[in-house]
Amino acid sequence: MHAVGFAKWTRRFEDERERRQAQGDPDWGRGATLHPAVWAGIQRFQVGEDGDGANLVGKADQAGDPDYGQAVRLFVAEEQNHARLLGRLLAAGGIPTLTGHWSDDVFVRLRRLMGLRMELLVLMIAEVVALRYYRALRDGTDDSLTTDVAGRILSDEQRHVPFHCERLHASLAELPRVVRRPVMALWQLLLFAVTLVVAADHGRALRRLGVGPLRFVADVMGSSRTVVSAVLAHRPDAWTSAGREPAAPAS
């Protein structure tokens, strides 16, 4: 693995941690009122965000780049904070958290099948789907606490995707050039299948949030084109940190 320069990502994660500490938590005392279908969706995403990340951290350490290993630890800490925020949001609405969900179990098993490259490819499926979900949750409700929580998580996810893209770009560069694009084509196919399942499973919630299932699938797959472009050809400008999803590259 050639040097990628993940020290900059460590600094970004650390800067965000300091900003988050200075900002403090949302005002949980406001409470939250949402449709039951939306609450059910939040419960499932909270399960997906929860985890110690030990398997990913171990594989990152084995990659031999201390800066990358530290950046992954900070990434995992942000994911754990997402689970905490969603748990507190559920509590503010009087809704319990789930102890598990079959979809999360499937993702965990897939991520542990092989090495770091496979782990990141599967993780990126969840991250790209999450981008669209948290945007819908932020923009699709009049509940101020939910909007606040979803906006914070979305801002983090918009940094997570380019972070993983950069590592995947370096990882795929180790493969013969002829197989790199087919690998990402298979990734998009799996993403499409997963997104269809999510859209069907969360259909009622998505409609309540103003995003129909078909629109959800189309938007996720549109974002996937930017991911593929960033992974195959290093493009640090493919994603912005200004709270926006990038436009898909022209065909």
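Predicted model: local features only at pLDDT ≥ 70, side-chain atom pairs only at ≥ 80, totals over all residues.
A polar contact is a pair of N or O atoms within 3.5 Å.

View 1. A side-chain oxygen of D65 comes to within 3.0 Å of the backbone nitrogen of D67. This pair sits at the start of helix 4. Helix 4 covers residues 66-92. How far apart should its ends be? At 1.5 Å a residue, its 27 residues should span 39 Å. After the helix comes G94, with a positive phi near 70°.

View 2. The protein has 10 helices and zero strands. From the N terminus on, the order of elements reads α-α-α-α-α-α-α-α-α-α. The protein has 251 residues, and 49% of them count as buried. Now take the contacts with a separation of 6 or more. Residues 24 or more positions apart account for 79% of these.

**View 3. Helix 1 has a buried side.** Helix 1 runs over residues 7-23 and has 17 residues. From first C-alpha to last it reaches 24 Å, close to the 24 Å expected at 1.5 Å a residue. Which residues of helix 1 are buried? They are W9, T10, F13, E16 and R20. These residues lie on the same side of helix 1, because they cover an arc of only 130° around the axis. An α-helix has 3.6 residues a turn, so residues three or four places apart point the same way. Q21 and A22 are exposed on the other side of helix 1. The cover over the buried residues includes helix 4 and helix 7 (144-172). Helix 1 is followed by G24, whose phi is positive, near 80°.

**View 4. E16 is a buried residue of helix 1.** E16 lies in helix 1. Its relative accessible area is 11%, so E16 is buried, since buried means under 20%. What does E16 touch, not counting residues up to four places away in sequence? The partners are E78, D156 and R159.

**View 5. Aromatic rings form a cluster.** The structure holds 10 aromatic pairs. Ring pairs link F6, W9, F13, Y68, F75 and F163 into a cluster. Two arginines lie over ring faces here. R12 lies over the face of W9, 4.4 Å from the ring centre. R167 lies over the face of Y68, at 5.0 Å from the ring centre.

**View 6. Y133 and Y134 make an edge-to-face pair.** A pair of aromatic rings is described by the distance of the centres and the angle of the planes. For Y133 and Y134, the ring centres are 5.3 Å apart. Are the rings stacked or edge-to-face? Their planes meet at 70°, and over 60 degrees counts as edge-to-face, so this pair is edge-to-face. Y133 is buried, with a relative accessible area of 2%. Y134 is buried too, at 0% relative accessibility.

**View 7. S224 is buried in helix 10.** Helix 10 covers residues 213-232 and includes S224. The relative accessible area of S224 is 0%, so S224 is buried. Which backbone oxygen does the side chain of S224 reach? It is that of M221, at 2.6 Å. Leaving aside its neighbours within four places in sequence, S224 is in contact with W187, Q188 and L191.

View 8. A92 lies in helix 4. With a relative accessible area of 22%, A92 is partly exposed. A92 and T33 are 59 residues apart in sequence, yet their C-alpha atoms are 8.6 Å apart in space. Not counting residues up to four places away in sequence, A92 touches W28, G31, A32 and L145.

View 9. T97 counts as partly exposed, at 42% relative accessibility. Its C-alpha atom is 10.0 Å from that of A83, 14 residues away along the chain. Not counting residues up to four places away in sequence, T97 touches Q46, G87 and L90.

Key: Residues numbered from 1 in each chain as written. Heavy atoms only, no water. Helix = DSSP H or I, 4+ residues; strand = E, 2+ residues; numbered from the N terminus. Expected span 1.5 Å × (residues − 1). Polar contact = N/O pair within 3.5 Å; in protein donor to acceptor, adjacent residues only side chain to side chain. Phe/Tyr/Trp six-rings, centres within 6.5 Å; stacked < 30°, edge-to-face > 60°. Buried < 20%, exposed > 50% of the residue type's maximum accessible area, 1.4 Å probe, protein only. Lys NZ or Arg CZ within 6 Å of the ring centre and 35° of its normal. Arc of directions from axis to C-beta. Contact = heavy atoms within 4.5 Å.
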